[in-house]
Amino acid sequence: SGQPLYELIAVSNQEGLLTSGHYTAFTKRGTQWYFCDDESIKPRDWETVPTSSAYLLFYQRVATENVRPYLKRLISQAGIADPDALSDTELRSRAWEARKSLLEEAKARADATEQALLEAQKVALIAELEQELKITLDACDKRIDSAAIEPIPDAVIHNLSRRVSAAQENGLSDSALLARATQTIAQLKEVAASQGNLIESLNDEALRKIIATAGMVEPPSDATVDDVRAQARRAQALYLTAKKSVAQLVDVPHAYN
């Protein structure tokens with residue numbers, strides 16, 4: 001019963017490697033713990049002090065006359081009635097059990113909080129992936145609509161496939177959206193495979209749309225389909241050349257959605 005009692009008053013934490021890293025500290029003033037991170041000092045509950053980053057522990061011996069009050073305070077924190085009749089040895093034993101109980105409760109709360117945080121982060125990630133997939137699909141639809149004048153590169157299909165895989169791996173369950181994505185990928189592949197001969201299969205109205213998109217004067221209404229198709233080919237070439245020149249002028253690589 002006469003053994004000295006030591007109270008933890010500070011903890012030095014080290015995160016990183018043995019040769020480099022970042023140091024933080026927990027320090028106690030009165031009954032309040034504080035977390036010190038460079039110039040930032042914030043109050044913390046004592047349950048947050050034990051971590052796997054603890055590097056150095058600093059203890060202070062409790063004065064003999066303060067041992068019983070100190071142990072009784074630990075016991076009262078655990079909701080145990082004030083054991084005035086207990087001997088010093090029994091008081092130490094009950095205090096140790098009380099501290100273990102408090103730490104177990106704190107760990108359970110921390111685990112529950114961490115689990116809730118992970119679940120919230122997953123929900124946020126799925127929402128972000130869903131939004132990105134919708135934006136990519138809208139961009140791909142525009143690509144398909146303009147495939148006659150601007151060929152679809154492999155990067156477009158690869159990017160959409162990558163986003164679909166990421167969404168599925170992280171638990172996206174919107175079956176309608178995933179079905180739309182699957183259908184769009186199939187359309188992209190089909191259009192990309194036939195886009196070399198796409199102009200040959202378009203009607204007069206679609207060919208004139210290509211010519212207008214390139215900013216060229218449309219052929220007269222009595223022009224033959226062959227003449228319109230020939231001008232549509234020139235319009236496509238002009239459009240792609242102009243787009244490439246603009247990208248080089250501003251020194252920005254052309255990015256595909």
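1. Two strands count as paired if DSSP finds at least two bridges between them. The model is predicted.

2. Strands S2 and S3 make a hairpin, with 2 residues between them. Gly 30 lies in the turn and has a positive phi of about 70°. S2 and S3 (residues 32-37) run antiparallel and are joined by 5 bridges. Within this pairing, Ala 25 is found opposite Cys 36 in S3.

3. Strands S1 and S2 also form a hairpin, here with 4 residues between them. S1 covers residues 6-16 and S2 covers residues 21-29; the two strands run antiparallel, and 7 bridges join them. Gln 14 stands opposite Tyr 23 in S2.

4. What is the order of the strands in the open sheet? The order is S4-S3-S2-S1-S5, with antiparallel pairing of the 5 strands. S4 (40-44) and S5 (54-61) are at the edges, and each has a single partner strand, so one side of each has no neighbour in the sheet. On average, neighbouring strands of this sheet are turned by 20° against each other, direction ignored.

5. The next points concern two helices. H2 spans residues 88-145 and H3 spans residues 154-169; their axes come within 10 Å and cross at roughly 155°. H2 is therefore roughly antiparallel to H3, because angles over 145 degrees are counted that way. The crossing of H2 past H3 is left-handed.

6. Which residues of H2 meet H3? They are Leu 129, Glu 132, Leu 133, Thr 136, Leu 137, Cys 140 and Arg 143. On the H3 side, the residues are Val 156, Asn 159, Leu 160, Arg 163, Val 164, Ala 166 and Ala 167. The residues of this contact of H2 with H3 divide into 9 nonpolar, 2 polar and 3 charged.

7. Glu 132 and Arg 163, which are among the residues of the helix contact, also meet through their side chains in a salt bridge, at 3.0 Å from N to O. The pair links distant parts of the chain: Glu 132 is in helix H2 and Arg 163 is in helix H3, 31 residues apart. The count of salt bridges comes to 5.

How values were computed:
Residues are numbered from 1 along each chain as its sequence is written. This is a predicted model: local features need pLDDT of at least 70, side-chain atom pairs count only at pLDDT 80 or more; totals for chains, interfaces and linings use all residues. Side-chain values use heavy atoms; hydrogens and water are left out. Axes are lines fitted to C-alpha atoms, for helices over the stretch in contact, and angles run from 0 to 180 degrees between N-to-C directions. Angles under 35 degrees count as roughly parallel, over 145 as roughly antiparallel, 65 to 115 as roughly perpendicular and the rest as oblique. A crossing is left-handed if the near helix is turned anticlockwise from the far one by less than a right angle, and right-handed if clockwise. Contact means heavy atoms within 4.5 Å. Ala, Val, Leu, Ile, Met, Phe, Trp, Tyr, Cys and Pro count as nonpolar, Asp, Glu, Lys and Arg as charged, and the others, Gly among them, as polar. A salt bridge is a side-chain nitrogen of Lys or Arg within 4 Å of a carboxyl oxygen of Asp or Glu.
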